[in-house]
Structure formats: structure tokens, C-alpha cells
Amino acid sequence: MFDLTTRDIKYLSGVGPQRASVLNKELGIFSFHDLLYYFPYKYVDRSRIYRIREIDGAMPYIQLKGEILGFETAGEGRQRRLIAHFSDGTGIVDLIWFQGIKYLIGKYKVHQEYIVFGKPTVFNGRVNIAHPDIDPASELKLSAMGLQPYYNTTEKMKRSSLNSHAIEKMMKSLVGQLNEPLPETLSPALLAEHHLMPLTDALMNIHFPSGPDVLRKAEYRLKFEELFYVQLNILRYAKDRQRKYRGYVFEKVGDIFNGFYSRNLPFELTNAQKRVLKEIRRDLGAGRQMNRLLQGDVGSGKTLVALMSMLIALDNGYQACMMAPTEILANQHYETIRELLYGMDVRVELLTGSIKGKRREAILSGLLTGDVQILIGTHAVIEDTVNFASLGLVVIDEQHRFGVAQRAALADKGNSPHRLVMSATPIPRTLALIIYGDLDISIINQMPKGRLPVKTYAVTGKLRKRAYNFIKSEIDNGRQAYIVCPMIEDSDSDLQAVKSYADKLRIDDFADYEIGLLHGKMKAAEKNEIMSKFKDGKIDLLVCTTVVEVGVDVPNASIMLIENAERFGLSQLHQLRGRVGRGSQQSHCILLTDNTGEECIRRMKIMSKTSDGFKISEEDLKMRGPGDFFGQRQHGLPPLKIADIASDMEMMNLTKSIAEDIISKDPQLESREYRGLKLEIIRLFNKNGGFAF
């Protein structure tokens with residue numbers, strides 16, 4: 001048996017160098033193994049032949065067997081189409097194509113028997129099947145065909161004739177070479193105890209199942225394995241961290257913390273903030289390294305909790321550092337924390353890539369002497385030249401935007417400092433337990449008193465002018481506004497592009513107002529300048545892309561309009577909406593979409609009805625899967641290819657229980673019984689930058 005992992009995909013029959021290049025770039029398929037683990041997204045029953053006389057317009061995909069009686073072309077320009085009249089003796093259907101007319105006339109022969117597969121529709125009393133699959137009847141054995149797999153492809157792939165049918169043919173070629181069993185990835189005990197299908201059988205039947213029952217068994221086996229290894233690796237890493245890393249003991253809450261609490265605290269802490277601070281204080285005094293995730297909606301007070309945690313470090317003679325993903329956010333934290341600490345004898349410094357020369361030297365020197373007590377910065381804080389006298393607490397904001405290695409690099413600046421990582425992306429607890437299985441989780445689920453929920457409305461493009469007038473009225477009353485567009489440059493689609501959109505507003509609807517433009521392709525200095533002007537009130541209306549999802553707080557901004565709202569997930573819409581509602585006045589968010597699809601309408605209703613980020617994230621998880629919450633590779637997780645966290649919760653709990661039992665017996669998987677599991681973890685997770693051995 002050849003090695004599936006190392007065998008280059010270009011050597012598979014029907015692929016070759018050109019197709020291999022497309023598969024590499026579009027799907028990340030480089031080896032036979034990658035292709036084998038590229039699973040179908042749906043299946044269609046190809047075991048039955050229908051008769052044309054049975055067809056009605058409400059039927060799903062069907063299969064017919066018959067012959068082409070003749071061809072004709074109709075229409076002009078883009079409406080030009082090829083029509084083949086197809087019959088099985090019980091009636092006639094029209095097969096229709098809008099592309100490749102010359103090629104198709106040459107490919108298919110009149111009065112030759114074919115099997116046609118597609119979705120029938122009825123138009124002007126005639127049955128049509130647009131762009132059907134057609135195969136010579138002699139090449140298909142229906143009894144063995146069962147459920148036909150369908151694979152996701154991209155537009156670039158389709159232009160290279162790499163559609164689902166082409167991938168299916170490649171997969172048949174590959175599966176045909178599995179003439180002996182693949183090495184098992186689960187132990188015999190697990191296979192027997194949980195009645196799991198052997199790996200080779202599962203892989204063959206996930207691609208070419210003979211029926212629904214065998215497909216369910218194959219899916220169960222592969223989902224079980226996927227979730228089991230994710231759980232096993234995270235739990236193993238968490239156990240290993242607890243064993244290796246003793247933490248500094250912060251014994252006291254002293255003058256710095258108490259002075260801030262009694263004199264500088266801007267408002268009374270919410271009960272949720274008090275609860276989270278107690279959890280953090282307990283960790284800091286426990287003698288083991290704190291590794292805690294702090295979750296909370298935009299504006300829930302996470303930064304204040306983080307600052308008070310840093311003050312505990314200072315009271316115990318240690319320094320603290322906060323790392324943010326962008327200069328805009330780092331500057332915001334620096335300004336906020338300096339303002340909160342006004343009048344206190346605490347030295348806070350900002351370190352970003354744009355801070356150079358003598359100022360940078362002074363900061364680096366102050367860190368080594370301990371004079372700089374709190375450092376706030378971007379990735380610049382993990383550079384080799386940055387060293388601390390006694391780093392005791394690390395805070396990482398919007399931590400999902402940093403890779404595993406970057407987070408570890410900051411922690412390595414000290415001798416196992418305590419770690420507090422923050423996220424303003426509300427994640428369902430069930431999902432958080434998988435992604436952050438090595439972290440303890442704290443949630444701030446209350447907003448400060450006086451903070452009004454943002455009123456949200458979903459409207460169509462017909463009401464755009466009315467929405468503009470509403471924005472103008474807010475600006476005229478001294479407020480500021482955002483308009484968010486999904487694209488930067490113009491394209492052939494009807495999606496709103498931010499550059500031309502801003503130009504149009506300057507000429508037409510908002511000619512009398514100061515308009516700013518912000519997008520991801522601008523240089524950092526340009527972004528900072530625009531956001532500073534917006535914050536200072538020099539810009540009335542900021543036209544932008546999702547770059548503002550994480551940005552400077554502008555309490556005076558009271559209204560946001562989001563164009564093509566259907567293009568965004570619920571969680572992203574919620575994050576964008578969080579840019580307004582930062583002040584005491586009532587704020588508004590207008591979701592503009594002309595999409596009337598059932599799913600879009602449901603999403604807009606959810607956004608209009610609730611401002612609870614955790615409820616929204618639960619719905620987003622159900623509708624879109626976990627990909628909207630995090631980039632798996634950022635967390636060292638292999639992409640989930642088949643399991644679905646929303647619908648496979650029962651299996652997730654089962655595999656976690658099994659993994660916990662194994663780790664409790666053998667934390668490092670050293671025994672002969674678990675050696676195979678360890679090798680599979682290394683194979684799966686080392687290449688993803690994860691927590692492998």
C-alpha cells in the first residue's frame with residue numbers, strides 16, 4: 001500500500017500537474033490523503049429510474065433513461081440556449097444548456113441511450129431540466145450506484161472543468177486503489193466498545209454509500225474520531241500545562257488596587273464584573289498559572305476588569321502587559337487606561353511598530369528596570385528586544401486574532417506569568433469548551449447601568465433614501481454615523497463597494513457633510529489618522545468596511561447603516577453594531593438588504609429582536625457552524641471536516657468523557673495501550689501549529 005499522506009495528488013489518474021495546481025490552491029488538497037478526507041456535502045439517490053410520465057414540477061432531483069431525439073437552439077446573445085428533446089417512450093422533456101453549445105452538440109449523439117440526472121421544472125406546460133448530468137447508459141450500473149456524492153467546488157475550479165462530477169471520478173479512482181485496509185487510527189478497544197465501523201470501510205462508504213444506513217454508520221465513525229482527537233489533545237495539553245507551570249502567588253490586594261477602587265473607579269461594577277474579578281483573584285493566589293478566558297459583549301466592561309487584574313500584579317511587585325491586534329485598538333486601550341489611572345503613581349507606556357527612536361529606547365529601558373509597570377502594545381511587545389524585569393500578568397485582547405505561537409511568545413517574556421485572554425466575540429459556552437478546553441472561562445453577561453440597547457431595523461433598498469434622511473437628522477443633532485459596505489473596489493456584482501459609495505455620497509446625498517473613508521487596504525498610519533479625526537468629531541459620516549469591527553470607541557456615534565447585510569454572519573453583524581451605542585444616547589442600526597430568502601429573513605429578525613451577543617452566537621452556531629467564531633488554524637485545531645458542533649453535541653460530550661478518562665489514566669499517552677493515539681495527535685496537530693507533543 002502506498003503512503004496516502006505523502007503521495008502527491010498529481011499522480012492520481014485523471015489529475016495531472018494542471019489540475020493538481022488548482023486543487024492545491026482552491027481546496028488545499030496536496031496528497032491522496034487530503035483528497036480522501038475531502039467529504040461530500042450532500043448525496044442524491046441514483047438507484048432509481050423515473051419515467052417521464054411520472055414527472056411533476058414539485059419533484060426533487062430525478063434520473064431518466066432514454067435517448068435524444070434531436071437538438072435545436074433558441075434565443076439571442078446571453079439568452080441563447082441549446083435544447084435537446086429527450087424521450088423514454090412515455091413522454092418528452094427538454095434538456096437545456098446556456099453554455100458550451102458547440103461542444104455539447106459534438107459530445108452527445110442522437111438516438112444513443114443515456115442516463116440523465118437533474119432537477120425538473122415545468123415552464124409553459126413543458127418539462128425542462130437545465131444543465132443536467134448525462135452519462136452513457138452502458139457506463140452506469142444503477143444497482144451499485146446507490147447515493148451519489150456531491151462535493152463543494154469554487155468558481156475557479158469550475159472554469160478548469162473541476163466540478164463535483166470531476167471530483168467524484170477522481171475519488172472513484174482513489175478508492176479503487178484501497179486494495180488493503182488503511183492503518184487504524186483508533187484502538188481496538190474503542191472500536192469494539194462504541195461499535196465503530198473500521199476506518200477503511202468508513203472512508204469508502206462516506207464517498208460511495210450503498211444506502212442511508214451504511215452512510216450513517218460511516219458518518220458516525222468519522223465524526224466520533226474527529227471530535228475525540230480534538231478533545232483528547234486539548235485535555236492533554238491542559239493537564240500538561242497544570243503539571244509544568246507553577247504560577248506566581250499574588251498574596252495581597254494592596255494600596256494600588258484599593259486606591260483605584262476607592263478614588264478612580266468611574267462607576268459601580270456590575271454583579272457580573274464583581275463575580276469575574278473574584279474568579280481571577282482566586283486564580284492569582286492559587287499557586288498555579290492562571291489561564292483564563294474573559295468573554296463579554298462590546299461595552300460590557302472587560303477592559304476595566306483587565307486593568308484591575310493588572311493592578312493586583314502591581315501590588316505584588318510584578319509588571320503587567322496587554323497585547324492588542326491593531327494599533328487602533330492598542331492606542332484605545334492606552335488612552336482608556338491612562339484616563340482611568342489619572343492622578344495615580346503608575347507608569348503606563350504604549351509600544352507599537354510606529355514608536356521608534358529615543359521614545360522606544362526609554363520604554364525598553366524602563367521595562368528592564370521595572371519603572372514601566374504596565375505596557376500596552378501590538379505584536380511589537382513580543383519582539384526579541386522587549387524584555388521585562390518581572391512580568392507577572394499577560395492580558396491578550398481579541399485573542400482569536402493572534403496565533404498560538406504569538407500568544408506563547410508573550411507568555412515566554414516572563415517565568416510563566418499569569419494569562420488573561422479576552423474576546424468580545426460572544427461564543428456559546430458549548431463551543432468555548434471545545435475551542436478553549438485548556439482555559440478556564442469567565443463571562444461578563446451584564447451591561448453597565450444606563451447603557452441603552454441599540455435599536456435595530458431591517459429594511460430593503462427601497463427605503464435607502466429614508467435611511468439617509470434619518471442619518472442626516474442624527475448628524476444635525478450633533479451625532480456621528482457609520483455606513484458599512486462589504487467590498488473595497490467595484491466589481492461586476494451588485495455589492496456596495498466602499499470607495500465608489502463614498503464618492504457618490506460626497507456628490508449627492510451628503511454633499512454638505514464631512515465624509516471619511518476607511519478600509520483594510522489603507523496603511524496603518526492612514527487608518528489611525530481617519531479614526532482619530534472621527535473620534536475628535538472632525539468627520540460626520542465614516543464610510544467603511546468591516547475594518548471597524550474592532551476599532552476605537554466613539555461614544556458620539558449613534559447610528560450605523562450596514563449595506564448588503566445578508567453578506568455577514570450574525571456574530572459579525574453584532575460586532576459591527578457594537579460600534580454604536582457606546583454613549584448614553586439612544587443609538588440605531590439599520591440593516592439594509594434586498595435578499596428575501598428564508599434564512600436571511602430569519603437572521604434579520606434575530607438581529608432586530610435581541611442585543612444579547614450570547615443568544616445571537618447560539619443562533620449563528622446553529623445556522624452557520626463554528627467557522628464564523630474562529631479560524632481553526634489560529635487555535636491549532638485541524639479544520640472540522642465532517643463533525644458539526646451544533647448538531648453533534650451529544651457526540652461531543654461522549655468523546656470528551658472518553659478523552660477525560662484516558663487522560664486521567666495516562667496524561668502523556670506513554671503506555672503501550674495509548675501509544676497509537678499519541679502518534680495520531682502528533683500527525684494531526686503538529687502541522688496545524690497546535691498543542692502537540
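The buried residues of helix H20 are Leu570, Ser571, Gln572, Leu573, His574, Gln575, Leu576 and Arg577, where buried means under 20% relative accessible area, exposed means over 50%, and partly exposed lies in between (1.4 Å probe, protein chains only). This helix, residues 570-577, is mostly covered, with 8 of its 8 residues buried. The model discussed here is predicted: local features need pLDDT of at least 70, side-chain atom pairs count only at pLDDT 80 or more, and totals for chains, interfaces and linings use all residues. Residues are numbered from 1 along each chain as its sequence is written, and side-chain values use heavy atoms, with hydrogens and water left out.

Consider next the chain as a whole. Of its 693 residues, 55% are buried. Its secondary structure comes to 24 helices and 22 strands; helices (H or I, at least four residues) and strands (E, at least two) are DSSP runs, numbered from the N terminus. A contact means heavy atoms within 4.5 Å. Among contacts in the chain between residues at least 6 apart in sequence, 71% join residues at least 24 apart.

Leaving aside residues up to four places away in sequence, Val44 touches Tyr61, Phe117, Gly146, Leu147, Gln148 and Tyr150. Gly146 stands 102 residues from Val44 along the chain, yet the C-alpha atoms of the two are separated by 8.4 Å.

An open sheet of 7 strands runs in the order E6-E7-E4-E3-E2-E5-E8, with mixed pairing; two strands pair if DSSP finds at least two bridges between them. Strand E6 (120-123) and strand E8 are the edge strands, each pairing on one side only. From one strand to the next, the twist averages 45°, with axes taken as lines fitted to C-alpha atoms (for helices over the stretch in contact) and angles running from 0 to 180 degrees between N-to-C directions. E5 and E8 pair in the antiparallel sense over 4 bridges. Ile134 in E8 is the bridge partner of Val116.

The loop between strand E7 (126-130) and E8 holds His131. Its phi is near 45°, a positive value in a residue other than glycine. His131 is described as partly exposed because its relative accessible area is 42%. His195 also has a positive phi, about 50°, although it is not a glycine. His195 is placed in the loop between helix H7 (188-193) and helix H8 (199-207), and it counts as exposed because its relative accessible area is 72%.

His131 leads on to the largest pocket. On a 1 Å grid over the protein atoms alone, a pocket is an open set of points where a 1.4 Å probe fits, with protein on both sides within 12 Å along at least five of seven lines; lining residues have an atom within 4 Å of a point. The largest pocket is lined by 38 residues, of which His131, Pro132, Asp133, Asn163 and His165 lie nearest its centre. Helix H3 (101-107), strand E5 (113-118), strand E8 (133-136), strand E9 (147-150) and helix H6 (164-175) each supply at least two lining residues. The largest share, 5 residues, comes from H6.
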